[in-house]
Amino acid sequence: MLRYLGRRIAGLVLVLFLVLTMVFFMLRAAPGSPVDAYLGMNPTPEKRAAVEHRFGLDQPIWTQYATFVGNLLRGDLGDSLFSDRPVTEIIGERLPVTLELGILSLLFWVVIGLAAGTLAARRRDSLVDGAVRVVSVIALSIPSFWLGLVLVVVFGLYVKGVLPSSGWVAFGEDPAGNLRSVVLPALALGLGSSAVIARTLRGSLIETHRTDYVSFARAMGMSENGILRRIALRNAIIPTATVIGLMVGMFISGTVLVETVFNVPGIGQTIVGAFRQHDYPLAIACTLVTAVVFLVANLAVDFLYFALDPRIRAGFLNGTD
């Protein structure tokens, strides 16, 4: 187990380093530079040279990369080029907003998806099953950013005062207002994910109910509810857990659009601003945070396999991991 954990952590560190290296060179290969965003149109050569020296952009690219790697190994992500604040301070302000939005949305929509998938599988080919499948297809067909724009228009122009159509209220300032400000972004962010979870669990449960061990349990007189709780759901949840882990990646990418649409001051909105302004340290720090969240979520899914599937545990005990 410890050997497996060590290999996974080493793999995560390598992936993070490769991702940050790729982002480092892609930012510098992209059209434009921080100097253009800082000085505007048609700066004088003297001003451009001064700003390039200030940002360290007058050095060769490999020197910049060596400096970047050295700072990264020391845990120094640098300062934002435009606010002159440490990027760790900016991330510390913005990350809790994104985590709250993502976690609340994920928990709510995972519960809805699991309940809908279980209900559809238990009532296969019924009206309820058909409704779940139709609604899930519709939900999957709606892009999150389009749904967000529709919600902003509806609740900003036609249904005023029910839910805020934009902005964010900190939980410490107004807990009720904070929860109200989460509703619409969470709806836009998680609706499609809930549909994927429901369809995956439905298919897995139907497949599990066709297995020999379920038929044996039924022949031994076990009730359908007992089969569902003790056998079918325990086995069907394993592929669904994989989908939920992938949903974390979709939530991360979705926050970039949803936070921008709803004017939520989280990591997603910060990423957009950092890449637009070519704020290299802030863009790399935001990339690091999102990559860590995604990789840790997938590592958690692997350990969930270990907890749910006795075959995987047996593999660890037998040394076949």
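In which helix does Arg-230 lie? Arg-230 belongs to helix H10, which covers residues 224-262. The model is a predicted one, in which local features need pLDDT of at least 70, side-chain atom pairs count only at pLDDT 80 or more, and totals for chains, interfaces and linings use all residues. Residues are numbered from 1 along each chain as its sequence is written, and side-chain values use heavy atoms, with hydrogens and water left out.

The protein has 13 helices and zero strands, where helices (H or I, at least four residues) and strands (E, at least two) are DSSP runs numbered from the N terminus. Its C-alpha atoms fill a box of roughly 85 × 60 × 35 Å along the principal axes. Of the 321 residues, 39% are buried; buried means under 20% relative accessible area, exposed over 50%, and partly exposed in between, with a 1.4 Å probe and protein chains only.

Arg-230 has a relative accessible area of 61% and is therefore exposed. On the surface, Arg-230 gathers with Arg-122, Arg-123 and Arg-229 in a patch of positive charge. Such a patch is made of residues with over 30% relative accessible area and no salt bridge, like charges being joined within 9 Å. A salt bridge is a side-chain nitrogen of Lys or Arg within 4 Å of a carboxyl oxygen of Asp or Glu.

Asp-129, in helix H6 (residues 127-141), counts as buried because its relative accessibility is 0%. The side chain of Asp-129 makes a polar contact of 2.7 Å with that of Arg-202. A polar contact is a pair of N or O atoms within 3.5 Å; within protein, one must be able to donate a hydrogen and the other to accept it, and residues adjacent in sequence count only if both atoms are side-chain atoms.

Key: Patches are made of residues with over 30% relative accessible area and no salt bridge: like charges are joined within 9 Å, nonpolar side chains (Val, Leu, Ile, Met, Phe, Trp, Tyr) within 5 Å. Accessible areas come from the Shrake-Rupley method with a 1.4 Å probe; for residues, only the protein chains shown count as cover. Lys and Arg count as positive and Asp and Glu as negative; His and the chain ends are not counted. The place of a charge is taken as NZ of Lys, CZ of Arg, CG of Asp or CD of Glu.
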